[in-house]
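Dear colleague,

Please find below the structure that I am handing over to you.

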Amino acid sequence: MSIQPLEFEKPLFAMKDKINELEQMSQSMNVSLEGEIERLKTQADEVQIKLYRTLTPAQRLQIARHPQRPSCLDLIQMLSPDVWFELHGDRCGTDDRAIIGGIMEIEGRPWMVLGTQKGKNMKENLVHNFGMANPEGYRKALRLFQHAEKFNMPILTLIDTPGAYPGMDGEQHGIGQAIAMNIREMARMHVPIISVVMGEASSGGALGIGVANKIYLLEHALYTVISPEGCASILWRSAEYASRAAEALKITSHDLLEFGIIDGVIEEPTGGAHYDPNLCAERVKETVLLGLESVTSLGGSAEWIQQRYDKYRGIGAFCE
Amino acid sequence: MPLRDWFASRKSNTDKLDASLSNQKISDDELCRLWTLCFQCHEQLPTKDFTQNAKVCPKCDYHFRIGAWERIAQLTGQEEYFQEHGRCESQWFQELFGNLTSADPLGFEDTQAYRSRIEDARKKSKLNEAIVTGEAVLGSHRVALGVMDFSYLGGSMGSVVGEKVTRLIEYALENRLPLVLFSSSGGARMQEGTFSLMQMVKTGAALARLHEAGLLFISVLTEPTFGGVTASYGTLGDIIIAEEGARIGFAGRRVIEQTIRQKLPADFQTAGYLLKYGQLDMVVRRPSLRGTLIELLRLHQPYQTSHIAQNQKITGAKKAPKVKAATS
Ligand SMILES: [Zn+2]
């Protein structure tokens with residue numbers, strides 16, 4: 001599958017096209033253009049290194065939202081290619097597929113995995129509601145968390161959501177309460193919880209499956225209180241200031257690591273996870289297993305709960 | 001009719017006003033202070049009647065928004081003291097954690113720098129932050145009480161609000177007190193970014209401990225309660241009360257209308273609407289709130305011997321680690 005370039009990648013893609021063209025020309029016309037091709041290749045490499053080293057928060061956001069970025073289900077497939085039982089429904093009348101959940105197996109150990117699922121095309125997005133869950137999705141998640149607790153499975157949550165769905169039914173059915181209840185219950189789960197933000201983690205909709213012993217972000221992923229567009233339209237009164245807001249909110253993986261809000265950054269393949277999903281999945285797996293190891297080594301469930309408490313207890317900036 | 005004549009004619013009808021209106025030395029400003037215009041029914045009300053009625057319009061029942069200290073005064077029966085002093089610390093209410101103030105961890109600046117917004121808010125509201133926390137006596141019950149104040153940056157929840165709520169919960173745990181929180185908030189405070197977001201978890205995790213300790217938490221949602229507060233402690237009460245006239249929700253009305261491309265019903269997100277959809281235990285008028293809380297506290301007194309508390313090993317709240325501003 002060929003990669004769809006983002007706007008800021010287009011000059012680089014144009015250079016690569018040019019190189020291909022020259023290579024074909026030198027073959028078909030049997031002329032030696034090697035010098036020229038080499039020169040262009042070196043130039044393209046330099047441009048590429050510089051481009052991805054100096055990404056602005058707004059450009060990272062575009063990578064995080066790239067339609068070809070591996071989704072939660074893609075990642076599960078790569079983490080656990082042989083075992084995957086999706087578990088459906090909140091047992092109160094609904095299966096909200098903006099959040100998917102089920103049991104997978106990594107290196108012989110069963111995991112409960114939950115994630116917000118974005119689609120790659122319109123058809124998938126209609127099924128998964130663009131990864132924007134309703135209260136029923138959070139209540140399904142809670143049911144599966146409790147299942148994991150009962151059977152002593154560690155929990156992995158994969159987050160990629162623009163937020164909970166802002167709809168009329170959601171308010172009637174208590175979207176705020178559903179998220180709040182998950183936060184409270186995840187805080188006191190007797191099993192280790194690891195969370196990986198794969199794309200965008202926006203507002204309370206992310207926290208509804210996001211309370212964890214360890215939080216990792218993919219390099220270009222972000223964790224924010226409000227989408228930069230939403231922030232811009234409130235504070236600057238225009239969504240056009242979204243890139244300013246993305247900068248001001250300090251939502252990149254490196255900012256959050258520096259603030260001590262997250263526990264680690266998972267390096268992505270050059271250009272982003274979609275350039276090499278398997279490599280990305282391999283790194284996620286490594287990080288998640290290390291994270292689990294460091295949590296379980298603390299002792300038993302009392303220590304895991306305490307570590308989770310202390311982690312969030314220490315987040316805040318104030319004077320006294 | 002000139003204002004003065006209008007007041008004079010009113011006076012002859014109602015006779016409710018103490019100040020002598022025939023005394024021509026009284027200034028227009030003072031006159032204005034003696035009367036209050038109801039936003040809803042546009043009736044001119046004698047301010048004294050209106051204040052004695054807990055700032056609820058006696059004519060149309062409109063509940064005016066009130067600040068944290070006034071709320072505390074109403075709950076602890078100290079309105080007169082509050083009218084004079086603007087605060088009400090006494091044996092009925094002792095403030096805790098009042099010295100906490102905001103840092104600016106992101107160095108945030110939009111059309112105005114966050115630091116200068118904070119200064120403006122402190123001057124305007126005469127508060128250190130968007131919540132006042134402390135120990136109160138309601139009737140004969142000691143409670144850990146927190147009251148948010150919308151006049152401070154829209155009652156938004158940043159690090160300080162999150163920290164004060166968490167400390168209050170830990171105080172309730174240490175002293176085995178019931179917790180009463182009054183919310184009034186536009187949601188998480190954007191200017192503190194992800195720090196604000198994580199306060200939802202910090203407070204929620206502390207409430208998990210309160211829950212396991214079998215202590216009562218009554219959440220009172222007042223006009224308006226939205227966003228991150230609705231999606232954390234606001235809706236985690238064992239009992240959730242909405243004050244009459246409150247609008248409560250997660251997403252804002254405008255955002256929802258834009259998303260679903262549909263007009264929402266007029267009563268959407270009102271207290272009555274949420275009661276109908278099962279999101280609240282009750283809607284209470286302000287003059288009845290104090291009495292309702294005292295009765296509920298009385299009925300839940302056996303919380304000390306709740307079986308949850310007996311079955312769970314209660315770990316006392318750990319002393320909060322000293323938290324430093326993440327950026328200097
Ligand atoms: Zn009125």
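Two strands are taken to pair if DSSP finds at least two bridges between them, strands (E, at least two residues) and helices (H or I, at least four residues) being DSSP runs numbered from the N terminus. This is a predicted model, in which local features need pLDDT of at least 70 and side-chain atom pairs count only at pLDDT 80 or more, while totals for chains, interfaces and linings use all residues. Residues are numbered from 1 along each chain as its sequence is written, chains are lettered from A and ligands numbered from 1 in the order in which they are written, and side-chain values use heavy atoms, with hydrogens and water left out.

Chain A

By the pairing rule, β6(A) and strand β8 (residues 264-266) of chain A run in the parallel sense over three bridges. In this pairing A:Y216 stands opposite A:G264 in β8(A). Strand β5 (residues 193-202) of chain A also pairs with β6(A) in the parallel sense, over four bridges, and A:I194 stands opposite A:K214.

Five of the five residues of β6(A) (residues 214-218) are buried, so the strand is largely enclosed by the rest of the structure. Buried here means under 20% relative accessible area, exposed means over 50%, and partly exposed lies in between (1.4 Å probe, protein chains only). In a regular strand the side chains alternate between the two faces of the sheet. In β6(A), A:K214, A:Y216 and A:L218 point one way and A:I215 and A:L217 the other way.

A:T224 lies in strand β7 (residues 222-224) of chain A and, at 1% relative accessibility, counts as buried. Leaving aside neighbours within four places in sequence, A:T224 has contacts (heavy atoms within 4.5 Å) that include A:L249 and A:I251 in chain A and B:T194 and B:L197 in chain B.

Chain B

Chain B has 13 helices and 10 strands, and 55% of its 328 residues count as buried. Seven of the strands form an open sheet of mixed pairing, in the order β3-β5-β6-β7-β8-β9-β10. Its edge strands, β3 (93-96) and β10 (282-284) of chain B, each pair on one side only. The twist averages 25° from one strand to the next, where axes are lines fitted to C-alpha atoms (for helices over the stretch in contact) and angles run from 0 to 180 degrees between N-to-C directions. Helix α7 (residues 159-175) of chain B packs on the sheet, and its direction makes about 25° with that of β5(B).

The interface

In all, 69 residues of chain B are in contact with 50 residues of chain A. The area buried between the two chains is about 5400 Å², of which carbon and sulfur atoms give 67%; this is the accessible area (1.4 Å probe) that two parts lose on being put together, summed over both. In chain B, the residues that lose the most area to chain A are B:M190, B:M198 and B:F250, together 13% of what that side buries.

Four salt bridges are found across the interface, each a side-chain nitrogen of Lys or Arg within 4 Å of a carboxyl oxygen of Asp or Glu. One of them joins B:E170 to A:R313, with the closest N and O atoms 2.8 Å apart. The largest share of the side of chain B that touches chain A, 18 residues, comes from α8(B).

Yours sincerely
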